[in-house]
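Here's a quick briefing to read with the model open next to you. Start with the overall picture, then work through the topics below.

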Amino acid sequence: MSQIEHITVKNASRKVLKKMRQIGEAKAQRLQKIQDRWEAGEYEDVEVIQL
């Protein structure tokens, strides 16, 4: 798995902007789903070591 953050694209086309927006929305949905599962108590015996 690789992670890229803080991307700057000069003169981005609409297609690139649309794809970046889709990626951002998908990430937000994944994080929200994890948060909901955490709050529901689905994760047991878990220790958070870094945020």
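Of this protein's 51 residues, 0% count as buried (buried is under 20% relative accessible area, exposed is over 50%, and partly exposed is in between, with a 1.4 Å probe and protein chains only). This is a predicted model, where local features need pLDDT of at least 70, side-chain atom pairs count only at pLDDT 80 or more, and totals for chains, interfaces and linings use all residues. Residues are numbered from 1 along each chain as its sequence is written, and side-chain values use heavy atoms, leaving out hydrogens and water.

**Overall layout**
- The protein has one helix and zero strands (both are DSSP runs numbered from the N terminus: H or I over at least four residues for helices, E over at least two for strands).
- Its accessible surface comes to about 5700 Å², and 51% of that belongs to carbon and sulfur atoms (areas are from the Shrake-Rupley method with a 1.4 Å probe, and for residues only the protein chains shown count as cover).

**The helix**
- Helix α1 takes in residues 14–39, which is 26 residues.
- From first C-alpha to last, α1 reaches 37 Å, close to the 38 Å expected at 1.5 Å a residue (the expected span is 1.5 Å times one less than the number of residues).
- Glycine 41 follows α1, and its phi is positive, near 80 degrees.

**Before the helix**
- Isoleucine 7 sits in the segment before α1 and is partly exposed, with a relative accessible area of 49%.
- Isoleucine 7 and methionine 20 are 13 residues apart in sequence, and their C-alphas are 9.7 Å apart in space.
- Asparagine 11 is also in the segment before α1, and at 81% relative accessible area it is exposed.
- Most residues other than glycine have a negative phi.
- Asparagine 11 is not a glycine, yet its phi is positive, about 55 degrees.

**The salt bridge**
- Side chains of opposite charge can pair when their charged atoms come close.
- Searching the whole structure turns up one salt bridge (a side-chain nitrogen of Lys or Arg within 4 Å of a carboxyl oxygen of Asp or Glu).
- That bridge joins the side chains of arginine 37 and glutamate 42, at 2.9 Å from N to O.
- Arginine 37 belongs to helix α1 and is partly exposed at 36% relative accessible area.
- Glutamate 42 is partly exposed too, at 48% relative accessibility.
- If you skip its neighbours within four places in sequence, arginine 37 is in contact with Glu42 and Tyr43 (contact means heavy atoms within 4.5 Å).

**The aromatic pair**
- A pair of aromatic rings is described by the distance of the centres and the angle of the planes.
- The count comes to one aromatic pair (rings of Phe, Tyr and Trp, using the six-membered ring of Trp, pair if their centres lie within 6.5 Å; planes under 30 degrees apart are stacked, over 60 edge-to-face, and the rest tilted).
- Tryptophan 38 and tyrosine 43 make up this tilted pair, with 6.1 Å centre to centre and 40 degrees between the planes.
- Tryptophan 38 is partly exposed at 42% relative accessible area, and tyrosine 43 is partly exposed at 32%.

**The nonpolar patch**
- Leu31, Ile34, Trp38, Tyr43, Val46 and Val48 make a nonpolar surface patch of about 560 Å² (patch residues have over 30% relative accessible area and no salt bridge; like charges are joined within 9 Å, and nonpolar side chains, meaning Val, Leu, Ile, Met, Phe, Trp and Tyr, within 5 Å).
- Valine 46 lies in the segment after α1, and its relative accessible area of 46% makes it partly exposed.
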